[in-house]
Amino acid sequence: MNLEKLAIECGTDKGPLQHSYTQYYEMFFWHRRMGVNLLEIGIDKGDSLRMWKRYFNRGEIHGIDIRGDYEYLHELGIKTHIVDHSKKGDLIIFGEQYPNFFDIIIEDGSHQSEDSILTFETLFPYLKPGGFYCYEDALCDYDSRWNKGRSSIEYFKQLVSDVNMNGLVSNDRICANKHDAITRYSGTYLQNNIEWAFYSMGLVIIKKI
């Protein structure tokens with residue numbers, strides 16, 4: 001089934017009636033429908049988790065939130081966990097339970113810019129190689145209610161430089177591809193592990209090598 005239609009049926013704001021993230025998710029995820037382990041940070045009423053459960057034919061769907069009253073989602077085969085994604089310790093404990101397990105991580109949590117940066121920096125290393133990390137609702141960064149410190153927009157802009165090794169590639173190898181470049185240069189963790197980054201209004205999708 002088309003992901004945008006599923007979003008409308010399930011009542012999630014990721015669909016075409018609101019944020020319209022699903023048009024991009026379909027672009028990148030449709031070929032993996034037969035088997036994906038997915039984690040979403042921020043459950044709310046569970047609408048998007050239900051959408052993902054119906055979209056992916058196999059694999060596990062997980063959600064984390066600071067609340068724990070999600071028994072109705074367990075009955076659908078969705079696993080939920082109590083994790084505060086503003087606390088690095090909580091994120092590390094969770095990540096250590098699921099190293100290289102999730103193919104997709106979607107961050108739709110507190111919308112606080114500092115929390116979004118912390119969550120990406122902590123959980124991206126636990127993402128399965130070849131997986132996708134998605135940062136939603138980036139527009140909140142422009143609102144002082146959510147941006148009280150570092151700017152997540154400015155942080156994720158820097159990933160464009162990380163994708164391009166931030167100047168490490170020498171002039172005689174400017175036609176090198178990313179997989180070749182990481183074998184030749186001593187880059188940072190992000191420079192060596194981000195293959196590409198996609199940006200649309202309110203959404204960033206990062207592909208791990």
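I began with R150 and E114, whose side chains meet in a salt bridge (3.5 Å, N to O). The pair links distant parts of the chain: R150 is in the loop between β5 and α7, E114 is in helix α6, and they are 36 residues apart. I noted that this is a predicted model. R150 is partly exposed at 39% relative accessible area. E114 is partly exposed too, at 35%.

Next I looked up the total, and the structure holds 15 salt bridges. I picked D108 and K14, which meet at 3.3 Å, N to O. D108 lies in the loop between β4 and α6 and K14 in the loop between α1 and α2, so the pair ties together parts 94 residues apart in sequence. Both residues are buried.

K14 also has a salt bridge with E136 (2.5 Å, N to O). E136 sits in strand β5, 122 residues from K14. Is E136 buried or exposed? I found a relative accessible area of 3%; buried means under 20%, so E136 is buried. K14 comes out at 0%. I then saw that K14, E40, D108 and E136 are linked in a network of salt bridges.

Then I turned to strand β4, residues 104-107. I104 and I106 point one way, I105 and E107 the other, and all are buried. Side chains in a regular strand alternate between the two faces of the sheet. β4 pairs with β1 in the parallel sense over 4 bridges, and I41 stands opposite E107. β4 also pairs with β5 in the parallel sense over 4 bridges; there E107 stands opposite Y135. With helix α6, β4 and β5 make a right-handed β-α-β unit.

Key
Residues numbered from 1 in each chain as written. Predicted model: local features only at pLDDT ≥ 70, side-chain atom pairs only at ≥ 80, totals over all residues. Heavy atoms only, no water. Buried < 20%, exposed > 50% of the residue type's maximum accessible area, 1.4 Å probe, protein only. Helix = DSSP H or I, 4+ residues; strand = E, 2+ residues; numbered from the N terminus. Pairing = 2+ DSSP bridges. Right-handed = clockwise from strand over helix to strand, strands pointing away. Salt bridge = Lys/Arg side-chain N within 4 Å of Asp/Glu carboxyl O.
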